[in-house]
Amino acid sequence: MSRLRHVTEAFMSVTDTFDTRVDPLVLADRLVSHCVRLTGADSAGLMMVTARGRLRTVAVSDERGDVLEMLQVRTGEGPCVDCLRIRHTVEAPDLAAATGRWPRFTAAALDAGFRGAAAVPVRVQDQQVGSLNLLADATGTLTPDDLALLAALARVAATAMMQWQSDTARPSDILTRIQSVISAKTSLETALGMLAAGGGLTIPEAALALRRHALRTGIRPAEAAQALLGRTLSVQDVLSSP
């Protein structure tokens, strides 16, 4: 199987919230498994932020990583802790050179056979909700492309966790949601027609004007379209957006 196929299946598996066998912990386990399968990481762990702002381990790919996850929580040092503090990816491609940075974590990681580490933020919208811990048996095996891929995968997985519902979706529920998408598209097309006629624009130009208005006001284009149809927003207001 090609790498592209593996990546595609990974994204599909961490977003399948309608599967009756899936819950947020299953999605978390799938995420850390894909971290190891898709990159140079030999161990991966997902830590999420509690209501008190502390990290709590949610999933780990193996026992070696589990011990180091708990160590980070207990000592308050390590890549995941720093990642949460600075809200940015933390890299330590050679752990032997990071003894001054995380003395207790580094000593334990080296004893466990790890030589490299990294942590990437886990975000939902713009809010960081956790850190993804990555450990490698060799130095320099976690590439920037690996970290970018896992950051995207973690973000998608975390968003899916937030949207999971304990009640199993019925076929009729799915059809209702699909119909809402179709209805939103119909409303949008009607609103674009109104803008095009009112401003002497083409449909692509009208769509651009609506997007600009949405960006300026902080509302979704679909909401702006509904406001146009409901006459609570005027064509001129949309067209006057810079």
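How are H8 and H9 oriented to each other, roughly parallel or roughly perpendicular? I looked this up in a predicted model.

**Entry 1: H8 and H9**

I took helix H8 as residues 203-217 and helix H9 as residues 221-229. I found that their axes are 9 Å apart and that the packing angle is about 105°. Angles of 65 to 115 degrees count as roughly perpendicular, so H8 and H9 are roughly perpendicular to each other. From H8, I noted Leu210, His213 and Ala214 in the contact, and from H9, Pro221, Ala224 and Leu228. Sorted by class, the contact of H8 with H9 has 5 nonpolar residues, 1 polar residue and no charged residues.

**Entry 2: H1 and H2**

I turned next to helix H1, residues 3-13, and helix H2, residues 24-38. I read an angle of about 165° for this pair, with the axes 10 Å apart. Angles over 145 degrees count as roughly antiparallel, and H1 and H2 are therefore roughly antiparallel to each other. I recorded their crossing as left-handed. On the H1 side, I listed Arg3, His6, Val7, Ala10 and Ser13; these meet Leu27, Arg30, His34, Arg37 and Leu38 in H2. By class, I noted 4 nonpolar, 3 polar and 3 charged residues in the contact of H1 with H2.

**Entry 3: H4 and Asp82**

I then looked up its contacts, leaving aside neighbours within four places in sequence: Asp82 touches Arg87, Val90, Arg101 and Trp102. The buried residues of H4 that I listed are Pro79, Cys80, Asp82, Cys83 and Leu84. Arg87, one of the contacts of Asp82, follows H4 and has a positive phi, near 60°.

**Entry 4: H5**

Which residues of helix H5 are buried? For this helix, residues 103-111, I wrote down Phe105, Thr106 and Ala109. Seen down the axis of H5, these buried residues fall within an arc of 95°, so they line one face of the helix. I then checked what covers them, and the cover includes helix H3 (63-75), helix H4 (79-86) and strand E5 (127-136). Last, I looked just past the end of H5, where Gly113 takes a positive phi of about 100°.

Technical notes: Residues numbered from 1 in each chain as written. Predicted model: local features only at pLDDT ≥ 70, side-chain atom pairs only at ≥ 80, totals over all residues. Heavy atoms only, no water. Buried < 20%, exposed > 50% of the residue type's maximum accessible area, 1.4 Å probe, protein only. Helix = DSSP H or I, 4+ residues; strand = E, 2+ residues; numbered from the N terminus. Arc of directions from axis to C-beta. Contact = heavy atoms within 4.5 Å. Axes fitted to C-alpha atoms, helices over the stretch in contact; angles between N-to-C directions. Parallel < 35°, antiparallel > 145°, perpendicular 65-115°, else oblique. Left-handed = near helix turned anticlockwise from the far one by under 90°. Nonpolar A, V, L, I, M, F, W, Y, C, P; charged D, E, K, R; others polar.
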